[in-house]
Amino acid sequence: MAAAIALSGRGRGLSTPNPNVGCLIVKDGHVVGSGWTQKGGRPHAEAQALGQAMEQARGATAYVTLEPCFHLSPRGPRCADLMARAGVARVVIALRDPDPRTDGQGAAWLRERGITVEMGLLADEAARAMAGFVLRQTRGRPHVTLKLGLSLDGRIALADGSSRWITGPDARAHAHVERARHDAILVGGGTLRADAPGLDVRLAGLEDRSPRRILLSRSDAPAGWERIGAPDEIAALDRVDHLLVEGGAETAAAFLRAGLVDRLLLYRAPIIIGAGLAGIGDIGLMDLAHAHDRWRLTDERRLGVDRLEVYEAVPSA
């Protein structure tokens, strides 16, 4: 299942509005088929894996990160039906589908046809890998990652606004991989005016995965951009399940104040700036007690001379 979850990451930022699912077909201890949801949502991971396995799928075990879909669609067959017709003997599912069109019905359909179904293996990890889809289904909005490139003293630029470059090439390359894993990137009007950012993916082989560009502003967006006037308007963004917020300080603060940041990416450079621009503006905090127990560290690593820290919001906070 861990391998299927890893496969699912290949579709993140490409499969929306469908979830980025991963699937492995295993027979006699060997992987005979593998797949992940393709660009635009089709084919589904299960269809791709079964197509690869062909006759070897009969009697095999399928590991799939999300319950096989059950609802009818003009874009393709139901994956639960495909599994049954292929003769799969056992289906191991990580996460029950929160989409009400499936939500348990896919697993029930398989069981009714004599297929052994197990559900819940690495469910939390699968939900994290498909966080955008899960949040869209359960809370009606995209999953939001806030990315900050900071000095050791929490600055994002010199006092005059100069910010190129705080972090080194390894950290910047990692940030471009993150861009490729999101449906859209958002910045505020101040960042647009000061930096005129392209917000594209500048890594060899991933240039075609540059996300849509979103502007948080009361002013009109330039050509090639979309505009929203407030953070809560992200819910209305069509085909955006994973949103990356890149700048600047007031935009970061606006999303934090609204409780709309699910994940933090902090790239820390080993430099001290002093009287520069703060990374985050006023978030309305009145009591330090309210700042604790809101974030959980989930990853940290060295990126050249810089350090990356990844935090996820604590659901109960």
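**View 1. Asp 241 and Arg 136 meet through their side chains in a salt bridge, with an N to O distance of 3.3 Å.** A salt bridge here is a side-chain nitrogen of Lys or Arg within 4 Å of a carboxyl oxygen of Asp or Glu. Because Asp 241 lies in the loop between strand S10 (226–228) and strand S11 (242–247), while Arg 136 belongs to helix H6 (residues 131–139), the pair ties together parts that are 105 residues apart in sequence. Helices (H or I, at least four residues) and strands (E, at least two) are DSSP runs, numbered from the N terminus. Asp 241 counts as buried at 5% relative accessibility, where buried means under 20% relative accessible area, exposed over 50%, and partly exposed in between (1.4 Å probe, protein chains only). The model is predicted, so local features need pLDDT of at least 70 and side-chain atom pairs count only at pLDDT 80 or more, whereas totals for chains, interfaces and linings use all residues. Residues are numbered from 1 along each chain as its sequence is written, and side-chain values use heavy atoms, with hydrogens and water left out.

**View 2. Arg 90 and Glu 118 form a salt bridge between their side chains at 2.9 Å, N to O.** This pair links distant parts of the chain, since Arg 90 sits in strand S4 (residues 90–95) and Glu 118 in strand S5 (residues 116–119), 28 residues apart. Arg 90 is partly exposed, with a relative accessible area of 26%, and Glu 118 is likewise partly exposed, with a value of 35%.

**View 3. Asp 103 and Arg 96 are joined by a side-chain salt bridge of 2.8 Å, N to O.** Asp 103 is partly exposed at a relative accessible area of 34%, and Arg 96 also counts as partly exposed, at 45% relative accessibility.

**View 4. Arg 128, Arg 296 and Glu 312 are linked in a network of salt bridges.** By the rule given for View 1, the count of salt bridges comes to 16.

**View 5. Glu 46 is listed by UniProt, in an unreviewed entry, under "active site".** UniProt positions are given in the numbering used here, feature names are shortened, and annotations may be inferred rather than shown by experiment. Glu 46 is found in helix H2 (residues 45–53) and is buried, with a relative accessible area of 3%. Leaving aside neighbours within four places in sequence, Glu 46 is in contact with Val 21, Cys 23, Val 64, Leu 66, Pro 68, Cys 69, Cys 79 and Met 83, contact meaning heavy atoms within 4.5 Å.
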